[in-house]
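This report describes a protein model through its cores, helix packing and local backbone features. The sequence and structure come first.

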Amino acid sequence: MSYLEYNAKTTPAGLRKVLFLNWPLILLLVSVACVGFLMLYSVAGGSASPWVEPQVKRFGMGLFAMFFIAMVPIWFWRNMAVLAYMLSIALLLAVEFFGSVGMGAQRWIDLGFMRLQPSELTKITLVMLLAAYYDWLPRERTSRPMWVLLPVVLILLPTFMVLRQPDLGTSILLMAAGGGVMFLAGVHWAYFAAVIGAGVGLITAVFQGRGTSWQLLKDYQYRRIDTFLDPSTDPLGAGYHITQSKIALGSGGWSGRGFMQGTQSRLNFLPEKHTDFIFTTLAEEFGFVGGVSLLGIYMLIVIFCIAAALATKDRFSSLVIMGISLTFFLFFAVNMSMVMGLAPVVGVPLPLVSYGGSVMLVLLAAFGLVQSAHVHRPR
Amino acid sequence: MRRNPKELETTNRTLSRRALLLGGIQLVFAGGLAMRMRHLQVDQADQFRLLAEENRINIRLLAPARGEIFDRNGIAIARNFPSYRIIIVPEDAGDVDKVINDLSRLIDIDPKDLERAIAEMRRSPPFLPVTLADQIDWEDISKVAVNAPALPGITPEVGLARIYPRRADFAHVVGYVGPVSDYDLSQIEDPEPILRIPRFQIGKVGFEAKREDVLRGKAGAKRVEVNATGRVMRELDRRDGVSGADMQLTVDAELQGYVQARLGNESASAVVIDCENGDLRAIASAPSFDPNLFVRGISVADYRELTENTYRPLANKSVQGTYPPGSTFKMIVALAALEEGIIGPEETVWCPGYLEVAGRRFHCWKRGGHGNVDLNNSLKRSCDVYYYDLALKVGIDKISAMAQRMGLGIRHDLPMSAVASGLTPTKEWKNRNRGEDWLIGDTANASIGQGYMLASPMQLAVMTARLATGRSVTPRLIKSIDGIEQPGGAGESMGLNENNLRTLRRGMYSVSNDRRGTGYGSRIIEETMRMAGKSGTSQVRNITAAERAAGVVRNSDLPWERRDHALFVSFAPFDNPKFAIAVIVEHGGGGSTAAAPIVRDVMLQALYGGTPPLDAYPKKDRNRIRAQQERLERERPERMHEASDRA
């Protein structure tokens, strides 16, 4: 029983909860999604099919899920954290298993109405589990080696499973978000210094190991790093994409070419122009003003989350809200860096804008948790 | 867990502090992103704007020509033919419905193709071309070309389509190609961009799929200048792709065609292997199907007909089907015993019609028994009791080891789909896989090629070739790639005692040429082409003691799927083995009556390199054989593009 449940009586009950939702946050999320619909409409050459329609439907479903999750008290979700984590590990295993039997390099499970990527689900359940763990762990143990090792294992387990799929983008996100929650929980900074040191060592090892029998990444992943470091090595492959992406972005100028007037993103120079590279279309058609506005809305969402996290006295709630906002931040930060040629192409979508069901549904569900923590905060 | 408020205060203070710190870092990072955006979009905007203006050059992939497949004499098995298709760009067409309507008044469009095209148009952005009709003939294409001004957005295109001129003859060997599916893409890690070309064709099964690596070739590219809406203005330059390598198979198309016709509508398989170098001269599996159906996209009705047929036309019985080898396995048991020095060829065993093993009666196929039998007689008359007795003396592990040396129970590496390894059981195998101990009765069953023993027709042909030559002949399917001869499979000497092999070969000779041999009815009388063989009849049911007492039901009175499999293996000429053949007729009844005649016909066809003279057959068979030859000639299936058949 935690501090929070003693105060349960002071939280709103029944439908009155709707009034206590963090409405500005919801408004921000909806506006980001609308930007997404507009861009998908534009990329399809001014047509609702093939992308806008399903995307709107999924967003509707996601909103519904968000409201549902928000109505359920946050302490219920805290109690579910271990179960949710185990479920997502089991789903990852299932993908791994069926993948090896005959479905190839597949990352999703077919639910009938949509394909769920367990790796997306894991991003949230990992944050939940770590938050619940630090809520449970007495403060004085936070920085003891054994109690630091356990969450590290809990982070690395799904990270390696995702890395094997192979999905480099998601594994980076998992590690960063997990590490972020540990940092917030108050683990001694020396551990992070050590990990960063080791990370530098690992990167050295990755490059040293190339071409030997123990090389750590797939050949094509090395090629992506190569082309990131020097796009001219592969002008028709991945380097081409980075160059084209920058051209599209840059040609947008201050205020862009206008809605549906972009030429670069429209001319099939870019792959995945409706998913990972959708930001180029926005930046080309709405220019610097449009790009910065989207970035601003994103940052407002993050700031609203941090404010919500600071406002609640419940440890689990703050950690979950912070963890989720950090994950969200990582999504758009990595995606934008990638599109602007600041990071290698690792395949991370622009949250709530890129076409794709799993990410959208999982993110909205996550914001459902944020809302639940907000509604049920001790007053 | 209960905590005092004071402790809570400190932890929350840490959390808040770090949350603010993290928030700060995030803000700084976002600021960095904004700076970068400013750098690209404001500072460098002019430069990129200029690049974008120049960036009207689009790269389009060009599909390479797929490697063609020929038989050993250069007869085409798989070719590429120009095929015309009609594509539509919805954006350019404007009123798509009207344009399609106009077009369908001009030429016939398959309603199914149309439906698929409309669905595809709905899924993809309007500036991407969609194929409206495929495999259009020249006349229709010219009609469309003439009326082009009235049909906005419609373009005729020429491409290459795969055809299999020999139709069903090579369906199981070569397989077929089809358009890349989403499932195919999900199978491949980091797929080549070329696979994303709409309707690009890749090998789906058989040789086409197994040697996709060599057959596909490398994509070319052309650079085209496009205008602001993506329409192609002109082609700047093009780099043609590298065509896939042409392949020559060891198979003889004429022989293959004959074998396939000879098997007819039986559920059967025949494999002809060259004893000298392991070349597979024919690998037939019947019934077969026309692979051209799959290239165009098979209709649901046709496909259902193939999958629901009890004779399983889609299965490649020659390498993928495994059967109890029956009595054709007896040579292995005899060879193992001879090599171990356990018996001599003259030693006899008394056959009273059964042998009592561990309290159970194992029957000989001949109820009355064969009396005193020596090795030669045991093969000639296929006495089961002799082999029960022999196997118990040798032991299953040595028998299985010999079987593997002769090419059974191991996977021969052939570029075909689902090549089976069969099974040569050992004590350890049964323990591991069935969790039971090996029983002495299992050995008795194995000695006559029943029980757990399984082999494919291809493996039986290899076994026969190895018996005939004493060398470890290995099957070979690819004769040459792009004109470069591939290594043969003549094999090294296996180090078996030549006397033992000679004894066995003489036994097999008696099977076919001794009046009392089981294969005597299907002998060859041409002196230079005498055949040596062994029949096999393998049960697919258990005969209970009660059934045996009541008299075993005759095969022809049983429903088809419970009848015995008929097998015959053979090599010829006896003095100088050239070909080894294995034939199995599923549920065909007796090996000597159902399989042996096929083996003889195929053997003569192979040795003569065409229709054999009737003199090679015994006198009383000649009228029947002549009628059969005439019938097969009449029924020879029509071939596609006969004139351009040869390379």
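## Nonpolar cores

The largest nonpolar core contains 121 residues, and those with the most contacts inside it are Ala270(B), Val271(B), Val272(B), Val333(B), Ile581(B), Val583(B) and Ala595(B). Helix α23 of chain B (residues 591-608) supplies the largest share of this core, nine residues. A second, separate core of 114 residues includes Val162(A), Tyr298(A), Leu326(A) and Leu33(B). A nonpolar core here is a set of buried Ala, Val, Leu, Ile, Met, Phe, Trp, Tyr and Cys residues joined through C-beta atoms within 7 Å. A residue is buried if 20 or more other C-beta atoms lie within 10 Å of its own, exposed if 12 or fewer, and partly exposed in between, with C-beta atoms placed from the backbone.

Beyond its neighbours within four places in sequence, Val583(B) is in contact with Ala268(B), Ala270(B), Leu567(B), Phe568(B), Ala595(B), Ile598(B) and Val599(B). Contact means that the C-beta atoms of two residues, placed from the backbone, lie within 7 Å.

## Basis of the model

This is a predicted model, in which local features need pLDDT of at least 70 and side-chain atom pairs count only at pLDDT 80 or more, while totals for chains, interfaces and linings use all residues. Residues are numbered from 1 along each chain as its sequence is written, and chains are lettered from A and ligands numbered from 1 in the order in which they are written.

## Chain A

Chain A has 13 helices and two strands; helices (H or I, at least four residues) and strands (E, at least two) are DSSP runs, numbered from the N terminus. Of its 379 residues, 49% count as buried. Among contacts in chain A between residues at least 6 apart in sequence, 72% join residues at least 24 apart.

An unreviewed UniProt entry annotates "transmembrane region" at several spans of chain A, including residues 56-76 and 286-312; such annotations may be inferred rather than shown by experiment, and positions are in the numbering used here, with feature names shortened. Residues 56-76 of chain A are 90% helix and 0% strand, with end C-alpha atoms 30 Å apart. For residues 286-312 of chain A, the figures are 96% helix and 0% strand, and the end C-alpha atoms are 38 Å apart.

## A helix pair in chain A

The axes of α6(A) (residues 145-163) and α7(A) (residues 168-185) come within 8 Å and cross at roughly 170°. The two helices are therefore roughly antiparallel. Among the residues making the contact are Ile155(A) and Val162(A) of α6(A), and Leu174(A) and Met182(A) of α7(A).

## Local backbone features in chain B

Two cis peptide bonds, each with omega of about -10°, join Ala286(B) to Pro287(B) and Ala572(B) to Pro573(B). Pro287(B) is in the loop between β12 (280-286) and α12 (292-296) of chain B. Pro573(B) is in the loop between β20 (565-572) and β21 (579-585) of chain B.

Arg167(B), not a glycine, has a positive phi of about 45°. Arg167(B) sits in the loop between β5 (154-163) and α7 (171-174) of chain B and is buried, with 20 other C-beta atoms within 10 Å. Ser382(B) also has a positive phi, near 55°. Ser382(B) lies in the loop between α15 (375-380) and α16 (384-394) of chain B, and is buried, with 28 other C-beta atoms within 10 Å.

Note on methods. Axes are lines fitted to C-alpha atoms, for helices over the stretch in contact, and angles run from 0 to 180 degrees between N-to-C directions. Angles under 35 degrees count as roughly parallel, over 145 as roughly antiparallel, 65 to 115 as roughly perpendicular and the rest as oblique.
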